[in-house]
Amino acid sequence: MVSVANQIVLITGASSGIGASCAKIFAAAGAKLILAARRLERLQILEKQIQQECPTDTYLIQLDVRDRSAVENAIANLPQQWQSINILINNAGLSRGLDKIQSGDFQDWEEMIDTNIKGLLYVSRYVISGMLEREYGHIINIGSIAGHQTYPGGNVYCGTKAAVKAISEGMKLDLVGTPIRVTSVDPGMVETEFSQVRFHGDVERATSVYQGMQPLTADDIADVVFFCATRPPHVNINQVILMPVDQASSTLVHRR
Ligand code: NDP
Ligand code: 8X3
C-alpha cells in the first residue's frame, strides 16, 4: 500500500454522500484536501468535522462544475501550495427524474448532461495538464452500474454514466505512456442524498428506493476509492463495479 500522506486530493461534490466520505478517509490517511461543491456552507461543516476528527490541511472551493470558466479560474487561481494536485476524484454528479423518454424534462436532461459529463470533462482537462507537467497523478471517476445497464426511466442518467465509462476508457488510452493513472469506480445502490435529488426533494419516494434491502453506504464507496488510490504506482485499477449483496442488477433487487 502506498501512502497518500501529504498528497493533494481534489474531490468534486464533497458536500455530501460519497464525496464527503472520500474526504474523511483521505483526511484520516493524512492527505491534504481541496473540497469543491456548490454548497459552501456544507463544505464548511465537513471541514469542521475533519478538523475535529482527523486534522489536515483543507482548501474549500465553492464551484459549479457546469461553469467552464469558473472551473478554469478555480484551478488556475489555486494558491501556490495547493497547485500540485496528485489525485482528482471526479465525484460531482446527480440524477434528475425517472421519466420515460417521451415525457422527460429538458431541464433535468441538461442538468445531468452538463454536470455528469461536461463538468467531469472540464475539471479533468484543467487538472490533467498540471499532472502531466509534474509526471504524477491519478484520476478517479465515479461512474455507476447505470453506465453498464440501462433501466426503465434511466434513459438520460444512464446515458451520462455510459459516457463516464467511455471517457474513463478514453482517458486511460490517451494517457498511456505517462505515469497518470485512471480509475472508474462504478457503484450500484448507495444510500446518500442521491434519490432525494433525483426526486426533487420528495423524501418519502427517495426513502422507498432502499426499503426492505440493505444498500451500500457512502463509506463503502470511499473505501474502494481509497484502495484504488493506494496501490503501488505501477498498478492501475481500471474499473471497479460494486453493488449491495441485495442487488443483482439495475432492475433486480431483493427486498424483505
Ligand atoms: P449526493 O447527492 O449525496 O452527492 C452529490 C454531490 O455532487 C454533492 O456534493 C453535490 O454538491 C455535488 N454536485 C452536484 N451537482 C454539482 C455541480 N453542478 N457542481 C459541483 N458539485 C455538484 O449523491 P452521491 O454521493 O450518491 O453521488 C456522488 C456520485 O456518485 C454521483 O456522480 C452519482 O452519480 C454517483 N453514484 C451514486 C450512486 C448512488 O446510488 N447514490 C450509485 C452510483 C453512482 P452541491 O449540491 O453542494 O453542489
Ligand atoms: C446510481 C445507481 O441504479 O440508481 O448511479 O442508477 S442507480
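## Ligand 2

A polar contact is a pair of N or O atoms within 3.5 Å; within protein, one atom must be able to donate a hydrogen and the other to accept it, and residues adjacent in sequence count only if both atoms are side-chain atoms. In this predicted model, local features require pLDDT of at least 70 and side-chain atom pairs count only at pLDDT 80 or more, while totals for chains, interfaces and linings use all residues. Residues are numbered from 1 along each chain as its sequence is written, chains are lettered from A and ligands numbered from 1 in the order in which they are written, and side-chain values use heavy atoms, with hydrogens and water left out.

An oxygen atom of ligand 2 lies 2.5 Å from a side-chain N or O atom of Ser144. Polar side-chain atoms of Tyr151 and Tyr157 are each 2.6 Å from an oxygen atom of this ligand. Alone, ligand 2 exposes 240 Å², of which the protein buries 84%; accessible areas come from the Shrake-Rupley method with a 1.4 Å probe, and for residues only the protein chains shown count as cover. The residues around ligand 2 (a heavy atom within 4 Å) also include Ala146, Gly188, Phe194 and Arg198.

## Ligand 1

Ligand 1 is surrounded by 30 residues, the closest being Ser15, Ser16, Arg38, Tyr157 and Thr192. The side chain of Ser15 places an N or O atom 2.8 Å from an oxygen atom of the ligand. Backbone polar atoms also take part: that of Val65 is 3.0 Å from a nitrogen atom of ligand 1, and that of Gly93 is 3.5 Å from an oxygen atom of ligand 1. Of the 890 Å² of accessible area that ligand 1 has on its own, the protein covers 96%.

## Nonpolar cores

A nonpolar core is a set of buried Ala, Val, Leu, Ile, Met, Phe, Trp, Tyr and Cys residues joined through side-chain atoms within 4.5 Å. Buried means under 20% relative accessible area, exposed over 50%, and partly exposed in between (1.4 Å probe, protein chains only). The largest core has 37 residues; Ile11, Phe26, Leu33, Leu35, Ile89, Val185 and Val225 are those with the most contacts inside it. Helix H8 (218-229) is among the elements supplying at least two residues, and its eight are the largest share.

Beyond its neighbours within four places in sequence, Val225 is in contact (heavy atoms within 4.5 Å) with Cys22, Phe26, Ile89, Ile140, Ile142 and Val185. A second, separate core of 29 residues includes Ile85, Ile128, Ile167 and Ile180.

How values were computed:
Helix = DSSP H or I, 4+ residues; strand = E, 2+ residues; numbered from the N terminus.
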